[in-house]
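Thanks for coming, everyone. I will keep this short. Please have a look at the model on the screen.

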Amino acid sequence: MTALVPQAEPATQLGVAVVRHLDEQLASSRRLLEHVLRQGHAIRARRVDEVLAVMAEIQGEMERRGRMDRDRTAILTHAAARLGVAPHQVTLDAMGGLLSAAEAPEAQRRSAELRGLLAEVAREHAVNRALMKQELSFLDHLTRLMGGGGEEAGGYRPPGETRGAFAAAPMTPRPSALRALDLQA
């Protein structure tokens, strides 16, 4: 008597597409997290050039993610047609019946990992935004101390811009602003 060995269920075209798409999303999310973490280090070190360079890298990654969203839409549309529902109603659980027994849990595992990575990216991005806001507020504070700020004489105006009575005002700091930064012992 021979024991029957269960045959592995063949991969489905949809399953392959879903798993490949999730792998691409995971790789992109890892790159995005790396960029956001590098940006945080650059902000803390006040390396403006590096902050700007990383911002360009983040923008590039976001454009790639836009292309991936189009792929995701195609996958959802295909699954929706097979399930007989609208694309916005398709969930990974609903797709489970269209995937092989091996693909469904792998897709779920990758999806959970992706959600975790995206949550970490969002947290780090929020920290970076707060750090940049803090740095810009400090810079604004210094600018006001140095130049008097606002419409007062010596305040910042873009080149060539004049404002009424202040047009002839010299662009030198007020003496009181300089005393505020005098650090002599």
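**The loop, the helices and the charges**

Let me start at Arg46, which sits in the loop between H1 and H2. Keep in mind that this is a predicted model. The phi of Arg46 is near 55°, a positive value in a residue other than glycine. Most residues other than glycine have a negative phi. Is Arg46 buried or exposed? Arg46 is exposed, because its relative accessible area is 57% and the cut-off is over 50%.

Now step back to the whole chain. We have 5 helices and 0 strands. From the N terminus on, the elements run α-α-α-α-α. The chain has 185 residues, and 29% of them count as buried.

Next, the core. Which residues touch the most other members of the largest nonpolar core? They are Leu14, Val18, Ala79, Val90, Met95 and Ala107, in a core of 24 residues. H1, H2, helix H3 (92-95) and H4 each supply at least two residues of this core. H1 gives the largest share, with 8 residues.

Stay with H1 and look at how H1 meets H4. The axes of H1 and H4 are 9 Å apart, and the packing angle is about 20°. Angles under 35 degrees count as roughly parallel, so H1 and H4 are roughly parallel to each other. The crossing of H1 past H4 is left-handed. What is in that contact, by class? There are 18 nonpolar, 8 polar and 9 charged residues in the contact of H1 with H4.

That brings me to the charges. Side chains of opposite charge can pair when their charged atoms come close. How many salt bridges does the structure hold? The structure holds 9. I will take three of them in turn.

First up, Glu57 and Arg38. Glu57 forms a salt bridge with Arg38, and the closest N and O atoms are 2.8 Å apart. This pair links distant parts of the chain. Glu57 is in helix H2 (residues 48-83) and Arg38 is in helix H1 (residues 13-44), 19 residues apart. Glu57 is partly exposed, at a relative accessible area of 30%. Arg38 also counts as partly exposed, at 29% relative accessibility.

Next, Glu50 and Arg47. Their side chains meet in a salt bridge at 2.6 Å, N to O. Glu50 has a relative accessible area of 27%, which makes Glu50 partly exposed. Arg47 is partly exposed, with 39%.

Then Arg109 and Glu106. The closest N and O atoms of this salt bridge are 3.0 Å apart. Where do the two partners lie? Both Arg109 and Glu106 are in helix H4 (residues 103-147). They are 3 residues apart, about one turn of the helix. Arg109 counts as partly exposed, at 42% relative accessibility. Glu106 is partly exposed too, with a relative accessible area of 31%. Which residues do salt bridges with shared partners join into one network? The network holds Asp23, Arg30, Glu106, Arg109, Arg110 and Glu113.

To recap, briefly. H1 supplies the largest share of the core. H1 and H4 are roughly parallel. Arg46, in the loop between H1 and H2, has a positive phi. That is my tour, and I am happy to go back to any view.

How values were computed: Residues numbered from 1 in each chain as written. Predicted model: local features only at pLDDT ≥ 70, side-chain atom pairs only at ≥ 80, totals over all residues. Heavy atoms only, no water. Salt bridge = Lys/Arg side-chain N within 4 Å of Asp/Glu carboxyl O. Helix = DSSP H or I, 4+ residues; strand = E, 2+ residues; numbered from the N terminus. Buried < 20%, exposed > 50% of the residue type's maximum accessible area, 1.4 Å probe, protein only. Axes fitted to C-alpha atoms, helices over the stretch in contact; angles between N-to-C directions. Parallel < 35°, antiparallel > 145°, perpendicular 65-115°, else oblique. Left-handed = near helix turned anticlockwise from the far one by under 90°. Nonpolar A, V, L, I, M, F, W, Y, C, P; charged D, E, K, R; others polar. Core = buried A, V, L, I, M, F, W, Y, C linked by side-chain atoms within 4.5 Å.
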